[in-house]
Amino acid sequence: QVEVVESGGGSVQPGGSLRLSCEASGRRFTVNKMGWYRRASGIDLEEVAVITGSGSTIYGDSAKGRFIISGDIRENSVSVSLQMNNLKPEDTAVYFCSVENLDDYRLDDYFGKGLQVTVSS
């Protein structure tokens, strides 16, 4: 059974920084994509930053120049972190870690429970 455990998040003033971390474990992973998504109130799920299985990083427009994603794939676990700098009130959202596994043409998505990030003065 795959478990996705997230940590970090919280409240910060505009211009501040936060770091989100995530570890997925419980199976042998063949990662197609891993990263972070967010859902703000009344807005659809947004891709913030991901790392592809080939190692490429993709940032959403809102994250470019401010957020840095990093990750590590081991035999039976995956970790992915998101360093968020110069945070803005519009970054307020619930952030979800996701690991997309591709194995024998089967795609499985694993999500964490989410972390609240609030940016407010």
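Of the contacts in the chain with a separation of 6 or more, 57% are between residues 24 or more positions apart. Contact here means heavy atoms within 4.5 Å. This is a predicted model: local features need pLDDT of at least 70, side-chain atom pairs count only at pLDDT 80 or more, and totals for chains, interfaces and linings use all residues. Numbering runs from 1 along each chain as its sequence is written, and side-chain values use heavy atoms, with hydrogens and water left out.

Now the overall picture. The chain has zero helices and 11 strands. Both come from DSSP runs, numbered from the N terminus: helices are H or I with at least four residues, strands are E with at least two. The radius of gyration is 14 Å, which agrees with a compact globule of 121 residues, because that would come out near 14 Å. That radius is taken over C-alpha atoms, and the globule rule is 2.2 Å times the number of residues to the power 0.38. The C-alpha trace spans about 45 × 25 × 25 Å along its principal axes. Of the 121 residues, 41% are buried. Buried means under 20% relative accessible area, exposed means over 50%, and partly exposed is in between, with a 1.4 Å probe and protein chains only.

Next, the sheet. Which strands form the open sheet, and in what order? Four of them, in the order β1-β3-β8-β7, with antiparallel pairing. Two strands pair if DSSP finds at least two bridges between them. At the edges sit β1 (3-7) and β7 (67-73), each pairing on one side only. From one strand to the next, the twist averages 10°. For that angle, axes are lines fitted to C-alpha atoms, for helices over the stretch in contact, and angles run from 0 to 180 degrees between N-to-C directions.

Zoom in on β7 and β8. They run antiparallel and are joined by seven bridges. D72 has S79 in β8 as its bridge partner. S77 is also placed in strand β8. S77 counts as buried, because its relative accessibility is 9%. Leaving out residues up to four places away in sequence, S77 touches E23, A24, S25, R27, F29 and D72.

On to β4, with two partners to discuss. Eight bridges join β4 to β9, antiparallel. Six bridges join β4 to strand β5 (residues 46-52), again antiparallel. Follow Y37. In β5, Y37 has E47 as its bridge partner. The hairpin of β4 and β5 has six residues between the strands, and there G42 takes a positive phi near 75°.

Now the covalent link. How many disulfides does the rule give? One. The rule asks for a pair of cysteine sulfur atoms within 2.5 Å. C22 is joined to C97, S to S 2.0 Å. The two ends are in distant parts of the chain: C22 in strand β3 (residues 18-25) and C97 in strand β9, 75 residues apart. The link of C22 and C97 is left-handed, with -75° about the S-S bond. Are these cysteines buried or exposed? C22 is buried, because its relative accessible area is 5%. C97 is buried too, with 0%.

Aromatics next. The count comes to two aromatic pairs. Rings of Phe, Tyr and Trp (its six-membered ring) pair if their centres lie within 6.5 Å; planes under 30 degrees apart count as stacked, over 60 as edge-to-face and the rest as tilted. One of the pairs is F29 with Y110: centres 6.3 Å apart, planes at 85°, so edge-to-face. F29 lies in the loop between β3 and β4 (31-39), and Y110 in strand β10, 81 residues apart. F29 and Y110 are both buried. Recall that F29 is also among the residues touched by S77.

Last item: backbone angles. Where does N86 lie? In the loop between β8 (77-84) and β9 (93-103). N86 is not a glycine, yet its phi is positive, about 50°. N86 is partly exposed, because its relative accessible area is 41%. Then Y105, in the loop between β9 and β10 (106-111). Y105 has a positive phi near 70°, also in a residue other than glycine. Y105 counts as exposed, because its relative accessibility is 84%.
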